[in-house]
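Dear colleague,

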Amino acid sequence: MVLKQAFLIVFLCGFPFSVMAASPNIPPHLDRQKLVYGCGSCHVGFNFRSGGGTNGCLNCHGNSSKVIRGLVSAGVEIKNIESEFKKTYRHPTLEVSGVHSSKEELPETNPRAPRHADCADCHDPHLVSPANRFAGIKGKRIGNIMADITNEYELCYRCHAESANLPGRFSNKRAELSMNNPSFHPVEGEGKNSVVISLLKPYKEKKVNPADISIIQCGDCHGSDSPSSPKGPHGSNYPYILADNYSTRDNEPESVYAYALCYRCHNRASILGNESFKFHSLHIQGKGNGAVAVGGTSCHTCHNSHGSTEYKYLIKFDPEVVSPNSKGMLKFVEKGVSSFRGECYLSCHGVDHSPKSY
Ligand code: HEC
Ligand code: HEC
Ligand code: HEC
Ligand code: HEC
Ligand code: HEC
Ligand code: HEC
Ligand code: HEC
């Protein structure tokens, strides 16, 4: 088997490389001026069934610069991403190897298929380039065919949406971020709220003319904790592979650090100054008067980070902290557009809301 593939490689490597190298748009992995051994840079001793594994990629994109010099022409800069995958929170790329197959179709339809995320699941080894890191990855359904993706979120939905093997503790991200929801972070397209008063530049806190559209990406929140590291959701020192710290705990003292991720885009002074929800600071910072916990509570107690299938303002109460009120009700009622008024029916920290209004 291996021998047959070796022949295949020798045969295929007869490809007219010089012709390819002449094109300015040639992907770097197929550019003989960059990868001196051409196809052989990757396809020597390569197991086609499992997509070759991830170590092949780390020969060049890893820590051992010795190897890099031999495989790549002098002066070509290569992104080293190995240390990202050594961080505490990471895609299981190096842990789950030999599971990927070039024949597999994602989203996964077999509930028993092992979860994995190889380099080749997210990057097409032949077509990837600095200009388009998703070139050649399929995942956008147009009728019956799967077309190449053009947006980062489509890449993520290959494994974080309808996958039959999605672990029970995780939710379908396509459903959470859907533009049909009453509210969502604006990843797929323009958000529904035209006055998000806390928004920092370059985002628009008020929609004045039609061009005032704020769009963000999964990668604005998920990615390396270090801005100087290579981009991408490979790994981070913060939980959930987040680019900044975000505490989801109840009874947490408020600080710049506790909700650093949100404060990247939402002005802390505006939130704690109660410019929208007039009891923000009471809940987030707490009071210590017995009615509310000393430490306050996380944004996570009231907001979903992606979207809400039920309510406006990303409202989704954390069932670990919030429970139905004395009449068995648990709901949020919004009162008027941009009026910053609403009602909550719930019980939290022993305080009955039947309802409490703002
Ligand atoms: C940067 C490393 C790299 C280089 C360079 C490279 N390949 Fe590949 N190739 C891969 C990987 C990884 C796979 C497996 C893809 C998968 O399983 O999803 C693959 C798969 C293949 C396959 C199996 C069919 C397929 O597309 O999955 C063929 C055939 C192939 N490569 C031929 C070539 C030829 C010919 C060249 C030179 C023109 C070349 N490769 C250069 C990494 C590389
Ligand atoms: C033989 C060395 C080599 C191997 C093996 C290799 N790469 Fe690369 N890779 C390169 C070079 C050279 C570039 C181009 C850098 C440039 O042009 O700036 C590159 C570019 C990339 C880019 C675009 C990076 C950017 O700067 O935006 C990605 C993504 C990438 N490789 C992923 C992979 C993956 C995934 C694998 C394994 C399937 C792999 N590489 C294997 C040498 C290699
Ligand atoms: C090829 C499949 C695949 C793709 C594509 C993929 N992931 Fe993942 N992701 C996984 C697997 C497997 C895990 C490990 C946990 C699990 O099984 O869900 C994971 C874990 C995560 C986690 C951490 C969850 C936790 O609680 O620790 C985040 C965050 C994440 N992915 C975000 C993304 C984003 C953002 C994208 C798109 C840029 C993406 N993923 C694309 C397979 C994938
Ligand atoms: C505004 C910031 C933000 C954006 C944008 C964002 N996320 Fe998240 N994500 C979070 C936070 C914060 C968490 C931590 C737990 C929580 O709040 O649910 C998280 C958790 C996750 C998790 C693990 C827990 C779970 O609920 O499954 C996955 C997987 C994930 N996000 C995928 C994605 C994908 C895919 C996208 C883009 C389609 C995306 N995220 C966009 C902030 C964001
Ligand atoms: C879960 C999906 C996923 C996996 C697995 C993954 N990547 Fe990436 N990678 C991305 C995304 C998304 C980006 C682009 C981020 C951006 O442009 O904002 C990226 C970017 C990169 C870059 C360019 C970084 C930069 O700053 O220019 C390189 C190089 C790279 N990946 C290599 C690899 C290698 C090698 C592996 C396997 C060891 C791998 N990736 C595994 C999703 C992934
Ligand atoms: C990368 C920037 C970014 C980050 C990080 C971010 N947001 Fe947002 N957020 C936005 C943008 C842009 C909007 C505006 C959406 C719109 O136009 O309706 C928004 C809107 C919101 C809204 C109002 C949604 C509505 O429809 O009324 C809430 C609530 C919110 N964010 C909470 C959070 C929380 C909690 C965090 C931290 C987990 C967070 N955001 C992190 C960019 C961000
Ligand atoms: C006790 C529940 C609760 C907690 C905790 C909470 N919020 Fe809110 N938040 C709300 C409600 C209710 C609204 C809707 C106000 C309205 O009617 O417009 C809101 C609105 C928002 C908005 C949209 C309007 C604006 O101010 O731009 C943002 C952004 C926001 N919250 C961010 C946060 C962040 C960040 C945290 C944590 C640091 C947080 N919230 C904690 C209940 C909460």
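Predicted model: local features only at pLDDT ≥ 70, side-chain atom pairs only at ≥ 80, totals over all residues.

**Overall picture**

The protein has 12 helices and 10 strands, and its C-alpha atoms fill a box of roughly 75 × 40 × 40 Å when this is taken along the principal axes. Of its 358 residues, 39% are buried. The structure holds 0 disulfides, and two of the cysteines, Cys-221 and Cys-265, can be described by their accessibility: Cys-221 has a relative accessible area of 25% and is therefore partly exposed, while Cys-265, at 24%, is likewise partly exposed.

**Around ligand 5**

There are 20 residues around ligand 5, and those that come nearest are Cys-119, Cys-122, His-123, Arg-133 and His-234. Arg-133, for its part, has a polar side-chain atom 2.5 Å from an oxygen atom of ligand 5.

Where in the protein does the shell around ligand 5 come from? At least three of its residues are drawn from each of domain 1 (2–160) and domain 2 (191–358), and at least two are supplied by each of helix H4 (55–61) and helix H6 (119–122). By class, this shell has 10 nonpolar, 6 polar and 4 charged residues.

**Around ligand 6**

The side chain of His-185 has an N or O atom 2.9 Å from a nitrogen atom of the ligand. Asn-193 brings a polar side-chain atom to 2.8 Å from an oxygen atom of ligand 6, whereas in Lys-192 a backbone N or O atom lies 3.4 Å from an oxygen atom of this ligand.

**Aromatic pairs**

A search of the whole structure finds 9 aromatic pairs. In one of them, the rings of Tyr-311 and Phe-332 have their centres 5.8 Å apart and their planes at 80°, and because an angle over 60 degrees counts as edge-to-face, the pair is placed in that class. Tyr-311 lies in the loop between strand S6 (307–308) and strand S7 (322–323) and Phe-332 in strand S8 (residues 331–334), so the pair ties together parts that are 21 residues apart in sequence. Both partners are buried, Tyr-311 with a relative accessible area of 15% and Phe-332 with one of 8%.

Phe-332 also forms an edge-to-face pair with Tyr-313, at 6.2 Å centre to centre and 80° between the planes. Tyr-313 lies in the loop between S6 and S7, so its pairing with Phe-332 in strand S8 ties together parts that are 19 residues apart in sequence. Tyr-313 is partly exposed, with a relative accessible area of 27%. Elsewhere, Tyr-246, Tyr-259 and Tyr-263 form one aromatic cluster.

**Backbone details**

Most residues other than glycine have a negative phi, and most peptide bonds are trans, so a few places deserve a look for that reason. The peptide bond from Leu-106 to Pro-107 is cis, with omega near 0°, and Pro-107 is found in the loop between strand S1 (89–90) and H6. The bond from Lys-201 to Pro-202 is cis as well, with omega near 5°, and Pro-202 has its place in the loop between strand S4 (183–184) and H9.

Positive phi values are found in two residues that are not glycine: Tyr-240, near 60°, and Asn-274, at about 60°. Tyr-240 lies in the loop between strand S5 (235–236) and H10 and, at 54% relative accessibility, counts as exposed. Asn-274 is in the loop between helix H11 (268–272) and helix H12 (280–285), and is partly exposed at 22%.

With kind regards

Key. Residues numbered from 1 in each chain as written. Chains lettered and ligands numbered in written order. Heavy atoms only, no water. Near = heavy atom within 4 Å. Polar contact = N/O pair within 3.5 Å; in protein donor to acceptor, adjacent residues only side chain to side chain. Helix = DSSP H or I, 4+ residues; strand = E, 2+ residues; numbered from the N terminus. Nonpolar A, V, L, I, M, F, W, Y, C, P; charged D, E, K, R; others polar. Domains from an automatic or database assignment. Disulfide = S-S within 2.5 Å. Buried < 20%, exposed > 50% of the residue type's maximum accessible area, 1.4 Å probe, protein only. Phe/Tyr/Trp six-rings, centres within 6.5 Å; stacked < 30°, edge-to-face > 60°.
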